[in-house]
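Subject: Structure handover

Hello,

Here is the structure I said I would pass on. Please look it over before reading the notes below it.

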Amino acid sequence: MNTILFSCQLITPFETISDGMVAWDTKGKIIYAGYAKEGASIEGKRIDLKGMTAVPGLIDIHMHGGYGIAFGFGDLSEELNKYSEWIAKFGVTGFVLSITGPDSDFILQAIREYIPLFEKEFAGAQPLGLHLEGPFINPQKHGAFNPTWIRLPSLEEMSAYLDAGKGWIRQVSLAPEMEGADQIADLLSSVNVCVALAHSNTNFETASRALRGKYTHVTHTFNAQTPFHHRKPGVVGAVLSSDKVSAELIADGVHVHPAAMQILTRCLGAKRIVLISDAMPGAGLPDGTYTLLGQQVAVRNGKALLPDGTLAGSTATLDACVRNMVELAGVPFDNAVRMASYNPAEVIGNEDNIGSLAPGKRANVAVFDKNMNVKMTFINGNLVYEGKNNG
């Protein structure tokens, strides 16, 4: 039997329809998304959303864990299942795991253990692949990255990761100024892996050249990269003046000032910004002490810090980042939704299947109330989360 969501505002996100409707078949594929009156003849189980808003399921392509889970550590199978169920409560229907480790053997082992898990069905959000943040970054801009885990780019090492990944490595974050980085970028680009400029201490000229070349994406813009100065525009200036690249933004209200969020939006537009949580294991849990990348992190009042005061990931979830873009940066809700759904799907090359509501795509849907809180999450057509409607 078909499933039909009706009496809702629909954000596809290319169009916003006030009296909308979305329907899918028993295989979890969307058969209609549009005006309710034009889909009135479709039969099936009808769910009245009572004026709430249906949007594409959110996709987080950069997070290190949450709910006490640190990707790459512990019982990977058990913790992946636990995370999948937990994160779906926040409208997230797909996620890319950000992993790294102290040495190549550790990273290879993690990759090899994750790949067969990705082939399985999950009760909640679906893992979409891996993001390697490092180890080939600039130690001068390591941020919360464990500096002892950083090393010079190695073509042999990256080739081993790709072989082990069997097509599941979606993105690699890399500092372009490091010796050998260009060869790594060429290799990644040749196998359609997203090359992201990250943790870089380079100048405007080098960053701009990279962003005109094989680097098509930027990891957590503004953070762990040379800042903008009117005589030395740095990496941030290269991003703001770029023509095509997509750029991540941690819109948790801590990592980036609202004015900087607005500037990035005005320079790049809604089509090129990708909202990420960059969440660490303490996300979703009370204040306390947690471990991130082999380092102790103290979470106080929702802010994660290393002992020296360096920000160490966020405690936000992606739905909160969407709300912050609206409330702190003045971005329209439909644009904020696109930044957290279609845009990340496009970065990892999966926009033909997920990231928008259209016939033939997976029925991954998040339902928000008028206060922009998630009330329902559907994944492949299945209701995996339903909260009380206070909106």
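Predicted model: local features only at pLDDT ≥ 70, side-chain atom pairs only at ≥ 80, totals over all residues.

Parallel sheet

Eight strands make an open sheet with parallel pairing, and their order is E6-E9-E10-E11-E12-E13-E14-E15. The edges are held by strand E6 (58–63) and strand E15 (273–276); each has a single partner strand, so one side of each has no neighbour in the sheet.

Within this sheet, strand E11 (residues 169–174) pairs with E12 in the parallel sense, over 4 bridges. Leucine 174 is the residue that stands opposite leucine 197 in E12. In a regular strand, side chains alternate between the two faces of the sheet. E12 has Cys194 and Ala196 pointing one way and Val195 and Leu197 pointing the other, and all are buried.

Strands E5, E19 and E20

Here the pairing is antiparallel. Strand E5 (residues 53–56) pairs with E19 in that sense over 4 bridges, and E19 pairs antiparallel with strand E20 (residues 374–379), also over 4 bridges. Valine 365 takes part on both sides: in E19 this residue is the bridge partner of proline 56, and its own bridge partner in E20 is phenylalanine 378.

Strand E19 (residues 365–368) is covered on both faces, with Val365 and Val367 buried on one side and Ala366 and Phe368 buried on the other. The hairpin of E19 and E20 has 5 residues between the strands, and methionine 372 in this hairpin has a positive phi near 65°.

Helix H8

Helix H8 (residues 318–327) is largely enclosed by the rest of the structure, because 8 of its 10 residues are buried. The buried residues of H8 are Leu318, Asp319, Ala320, Cys321, Val322, Arg323, Asn324 and Met325, so charged side chains are present in that list.

Loop residues

Threonine 202 sits in the loop between strand E12 (194–197) and H5. Its relative accessibility is 7%, so threonine 202 counts as buried. The side chains of threonine 202 and threonine 206 are joined by a polar contact of 3.5 Å. Setting aside residues up to four places away in sequence, threonine 202 touches Pro176, Glu177, Ala207, Thr226 and Val235.

Threonine 100 is placed in the loop between E9 and helix H2 (104–118). With a relative accessible area of 5%, threonine 100 is buried. Beyond its neighbours within four places in sequence, threonine 100 is in contact with Phe106, Ile107, Glu133, Gly134, Pro135, Phe145, Trp149 and Leu293.

Serine 41 belongs to the loop between strand E3 (30–35) and strand E4 (45–48). At 64% relative accessibility, serine 41 counts as exposed. Its C-alpha atom is separated by 44 Å from that of aspartate 243, which is 202 residues apart from serine 41 along the chain.

Pockets

The largest pocket holds about 440 Å³ of space. Its lining has 21 residues, and Leu211, Thr216, Lys244, Val245 and Ser246 lie nearest the centre. Helix H5 (204–212) and helix H10 (342–347) each give at least two residues to the lining of the largest pocket. By class, that lining divides into 7 nonpolar, 7 polar and 7 charged residues.

The second largest pocket has a volume of about 240 Å³. Of the 20 residues that line the second largest pocket, Ala144, His199, His220, Asp278 and Leu311 lie nearest its centre. This lining has 8 nonpolar, 10 polar and 2 charged residues.

Cavity

How many cavities of 30 Å³ or more does the structure hold? There is 1, and the volume of the largest cavity is about 30 Å³. The residues lining the largest cavity are Ile59, Thr93, Gly94, Gln126, Leu128, Ile354, Arg362 and Asn364. Strand E9 (92–99) and strand E10 (126–133) are the elements that supply two or more residues to this lining. The classes in the lining of the largest cavity are 3 nonpolar, 4 polar and 1 charged.

Regards

Note on methods:
Residues numbered from 1 in each chain as written. Heavy atoms only, no water. 1 Å grid on protein atoms, 1.4 Å probe; cavity = no way out; pocket = protein on both sides within 12 Å on 5 of 7 lines; lining within 4 Å. Points joined across faces, edges and corners; volume = space filled by probe spheres on them. Buried < 20%, exposed > 50% of the residue type's maximum accessible area, 1.4 Å probe, protein only. Polar contact = N/O pair within 3.5 Å; in protein donor to acceptor, adjacent residues only side chain to side chain. Contact = heavy atoms within 4.5 Å. Pairing = 2+ DSSP bridges.
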